[in-house]
Amino acid sequence: MARACCGPSALPSRLLQSLTCQASAIYANAQVGHTSSHVERNLKAEPSASIRAEKSAQEKLSVPVEEKPLVKKRVVSGVQPTGAIHLGNYLGAIKNWVLLQELYETLFFVVDLHAITLPHNPEELSKVTRSSAAMYIACGIDPSKASIFVQSHVQAHAELTWLLSCTTPISWLYKMIQFKEKARKSGEDVGTGLLTYPLLMTADILLYQSDLVPVGEDQKQHLELVRDVAERFNQLFGGRKWKKIGGRGGKIFKVPEALIPPAGARIMSLTDGTAKMSKSAASDQSRINLLDKPDDIAYKIKRCKTDSASGMDFDDINRPECNNLLSIYQLVSGKTKEEVVEECKDLNWGQFKPLLIDALVAHLEPIQRVYYELSADPAYLDNVLSDGAVKANNIASSTLQNVYSAMGFLPHQRPK
């Protein structure tokens, strides 16, 4: 994968050192699931730093370690820029991206087009979009390894969404659970985009001929839609018809597979252990934002919902808040599940909460420090996003041109 010309080497030395320390801390502390039982790779010579990082990432993600292929599989993912990025976004997605960039060809983007499916503040959109990009890098995403860009900077996302909407049965969209839930809350004023946004998400994935898509339990239905849309389109326009007009291979779209994150990365609300931590929740008390100050973190943890049971333990279905807070502690402290069980089994809430507060503050402090340094250099961020968009456009435009050709559109010279 080509190194971005605006990579870390273009940063001031002090910021570069901070970024390096932060990335090292994330690799050292990432405890996201069990190590694969069939990791058997033995290197005859002392491995390089990059090989050691890649092997470590494979182990932490429970990915079988194989000889490095000539062409890496491609992974794409993104997070909406609506509001502050919270702990659930970080532990459930972005932290795993840091490991994925060592194993795959990765494209991570800020999905600003998704952010307007519900009413939004135009003055805030560009601000939070750049802020989200800065947070990606502060959390450990390396622009020299992964392409970071803004969804709306690649026009093919919107174009492919329209083309797919003309070939996808509307009954498929009415079945989407999130549409039903949000439409119920919004009433008759719900926008059409809320119904069709799963097709935008589908375009996000299919444009880049993605091999793997990181998904959580609540996103499996969306990936199934992606696969169904890709297979339907391939049946309608692929095969012999595609080859007859000069197409290569029998498929226009690659049908992606799910990349399930390690167990324990689904972070729940601080006010309801049965509901996922969300930006859209009315109360800010329900979530830890990555930019929360230490006093705010302490306040939220001290007042978060708990129970009256004695001791602390994982996996008790009758104690969802306990399981959630222990999982958060495990992930930010870098300890194993067994270590957390041994440390906390005899603690009460008054003893456990200070441990969790200290672990959260210590884990988020270097992220916040790097974020504010990056935010002070908008030119650097714009260069990162520009370079990422160039690579994304190169891949996406090729896919989109094949789609237009397969559907029978008159060829034309696309503007560069």
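## Helix α12 and the residue after it

Directly after helix α12 comes Gly334, a residue whose phi is positive, near 80 degrees. The model discussed here is a predicted one. Helix α12 itself covers residues 320–333, and its 14 residues reach 20 Å from the first C-alpha to the last, which is close to the 20 Å expected at 1.5 Å a residue.

This helix is mostly covered, since eleven of the 14 residues in α12 are buried. Among them are Glu321, Asn324, Ser327 and Gln330, together with Leu325, Leu326, Ile328 and Tyr329.

## Overall make-up

The protein contains 15 helices and five strands, and 50% of its 416 residues count as buried. Among contacts between residues at least 6 apart in sequence, 76% join residues that are at least 24 apart.

In soluble globular proteins, nonpolar side chains tend to be buried together. In this model the largest nonpolar core has 64 residues, and Leu87, Trp97, Tyr136 and Phe352 are those with the most contacts inside it. Helix α14 gives the most to this core, with eleven residues.

A second, separate core has 44 residues, including Tyr208, Val226, Phe233 and Ile252.

## Packing of α11 against α14

Two packed helices are described by the angle between their axes and the distance between the axes. For helix α11 (residues 294–303) and helix α14 (residues 349–375), the angle is about 150 degrees and the axes lie 10 Å apart, with α11 passing α14 in a right-handed crossing.

On the α11 side, the contact is made by Pro294, Ile297, Ala298, Ile301, Lys302 and Arg303, while α14 supplies Lys353, Leu356, Ile357, Leu360, Val361 and Leu364. Sorted by class, the contact of α11 with α14 has nine nonpolar residues, three charged residues and no polar ones.

## Ala396 in helix α15

Ala396 is found in helix α15, which spans residues 378–407. Ala396 counts as buried because its relative accessibility is 0%, and buried means under 20%.

Leaving aside neighbours within four places in sequence, Ala396 is in contact with Val154, Ala156, Leu207 and Tyr208, and Tyr208 is one of the residues of the second core. Ala396 and His157 are 239 residues apart in sequence, yet their C-alpha atoms are 8.1 Å apart in space.

Notes:
Residues are numbered from 1 along each chain as its sequence is written. This is a predicted model: local features need pLDDT of at least 70, side-chain atom pairs count only at pLDDT 80 or more; totals for chains, interfaces and linings use all residues. Side-chain values use heavy atoms; hydrogens and water are left out. Helices (H or I, at least four residues) and strands (E, at least two) are DSSP runs, numbered from the N terminus. The expected span of a helix is 1.5 Å times one less than its number of residues. Buried means under 20% relative accessible area, exposed over 50%, partly exposed in between (1.4 Å probe, protein chains only). Axes are lines fitted to C-alpha atoms, for helices over the stretch in contact, and angles run from 0 to 180 degrees between N-to-C directions. A crossing is left-handed if the near helix is turned anticlockwise from the far one by less than a right angle, and right-handed if clockwise. Contact means heavy atoms within 4.5 Å. Ala, Val, Leu, Ile, Met, Phe, Trp, Tyr, Cys and Pro count as nonpolar, Asp, Glu, Lys and Arg as charged, and the others, Gly among them, as polar. A nonpolar core is a set of buried Ala, Val, Leu, Ile, Met, Phe, Trp, Tyr and Cys residues joined through side-chain atoms within 4.5 Å.
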